[in-house]
Amino acid sequence: MCGINGIYNFSGQHLNDASDLIVTMNKKIAHRGPDDNGTWKDDSNKVFFGHQRLSIIDLSAAGHQPMLDANGNCIVFNGEIYNYLDLKKSLSDESFIGDSDTEVLMKLLAKNGLNAVNSLNGMFAFAYWNNNNKSLSLVRDRIGKKPLYYTIQNGILAFSSEVRALLSLPWVNAIPDDESLYHFLTFNQVSSPKTLFKNIYKLAPASILTIDANGVDEIKTYW
């Protein structure tokens, strides 16, 4: 498994220590990816990505994340796309620097937009920054094999593979959600989008959450 983290500041206010916060978030989930780690921020200092890598496909540096393309789009990916070699054949007009499924997904998203998720066979959770329309999308696989948590507070969206990384952010408080606790004690589970903490949510399986520079967010079910 790998781990992904991110912060999108669409509030219009400057966030001084976001780069340091991403490093801290990575450390909180370092056990998910001991082979490599990385961070990235966009030119406007509004988008920050972090990644902890467990190298499975393409062990070389060509699979390093966050992964950026020539147009300024960026992705952090956790999981595995089983049919990535077949999908790569459909991109015969594209050039690749490595052999990772992440790079194939990156090319598919650039070519087909978020409709690319319909062609994926695998388990995954990823975040994709579309530099053209300045939007961030969080995507989770059909069954919900890979986890993805997020919070939207004070004009800032933050996401992670684990809640503990979100709780490391100074504006996120560990306040129990009484209704979720009741559901857990009654049914031994908490259904999406709820978690045991107020203002922290779990993206539902087969869902895409997209948020733009104006803070307009939308959740779509693609399967």
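**Entry 1: terms and model**

Buried means a relative accessible area under 20%, exposed means over 50%, and partly exposed is in between, with a 1.4 Å probe and protein chains only. I am working with a predicted model, in which local features need pLDDT of at least 70 and side-chain atom pairs count only at pLDDT 80 or more, while totals for chains, interfaces and linings use all residues. Residues are numbered from 1 along each chain as its sequence is written, and side-chain values use heavy atoms, with hydrogens and water left out.

Helices (H or I, at least four residues) and strands (E, at least two) are DSSP runs numbered from the N terminus. Leaving out residues up to four places away in sequence, Gln-153 touches Trp-171, Val-172 and Asn-199, where contact means heavy atoms within 4.5 Å.

Which residue of E9 stands opposite Gln-153? I found Ile-156 there, and the two strands, E8 (residues 149–153) and E9 (residues 156–160), pair in the antiparallel sense over five bridges; two strands count as paired if DSSP finds at least two bridges between them.

I then followed the open sheet of six strands, whose order is E2-E3-E1-E9-E8-E10 with antiparallel pairing. Strands E2 (36–41) and E10 (201–202) stand at the edges with a single partner each, so one side of each has no neighbour in the sheet. E2 pairs with strand E3 (residues 47–53) over six bridges in the antiparallel sense, and Asn-37 has Gln-52 in E3 as its bridge partner. These two strands, E2 and E3, form a hairpin with five residues between them, and in the turn Asn-45 has a positive phi of about 60°.

I moved on to helix H5 (residues 178–187), where Asp-177 caps the N-terminal end through a side-chain oxygen that lies 3.3 Å from the backbone nitrogen of Glu-179. Just after H5, I found Asn-188 with a positive phi of about 65°.

Thr-195 sits in the loop between H5 and E10. Is Thr-195 buried or exposed? At 8% relative accessibility, Thr-195 counts as buried. Its side chain reaches the backbone oxygen of Ile-200 at 2.7 Å and the backbone oxygen of Phe-197 at 3.1 Å. I wrote these down as polar contacts, that is, pairs of N or O atoms within 3.5 Å in which, within protein, one must be able to donate a hydrogen and the other to accept it, and residues adjacent in sequence count only if both atoms are side-chain atoms. Beyond four places in sequence, the residues that Thr-195 touches include Tyr-149, Asp-177 and Tyr-201.

In the loop between H5 and E10 I also found Pro-193, and the peptide bond from Ser-192 to Pro-193 is cis, with omega near 5°. Asn-199 lies in that loop as well; it has a positive phi of about 70° although it is not a glycine, and at 38% relative accessibility it counts as partly exposed.

I traced an open sheet of six strands in the order E4-E5-E6-E7-E11-E12, with antiparallel pairing; its edge strands are E4 and E12 (217–221), each pairing on one side only. Strands E5 (residues 74–81) and E6 (residues 122–130) pair over eight bridges, and Ile-81 stands opposite Gly-122 in E6. In the loop between E3 and E4 I found Pro-66, where the peptide bond from Gln-65 is cis, with omega near 0°.

In helix H3 I looked up Val-104, which is buried, with a relative accessible area of 2%. Apart from its neighbours within four places in sequence, Val-104 is in contact with Tyr-84, Leu-87, Lys-88, Leu-91 and Phe-96.

What volume does the largest pocket have? I noted about 280 Å³. On a 1 Å grid over the protein atoms alone, a pocket is an open set of points where a 1.4 Å probe fits, with protein on both sides within 12 Å along at least five of seven lines, and lining residues have an atom within 4 Å of a point; points are joined across faces, edges and corners, and the volume is the space filled by probe spheres set on them.

The lining has 17 residues, of which Leu-68, Asp-69, Glu-103, Met-106 and Lys-107 lie nearest the centre of the pocket. Strand E4 (67–68) and helix H3 (101–112) are the elements that give two or more residues to this lining, and H3 gives the largest share, five residues.
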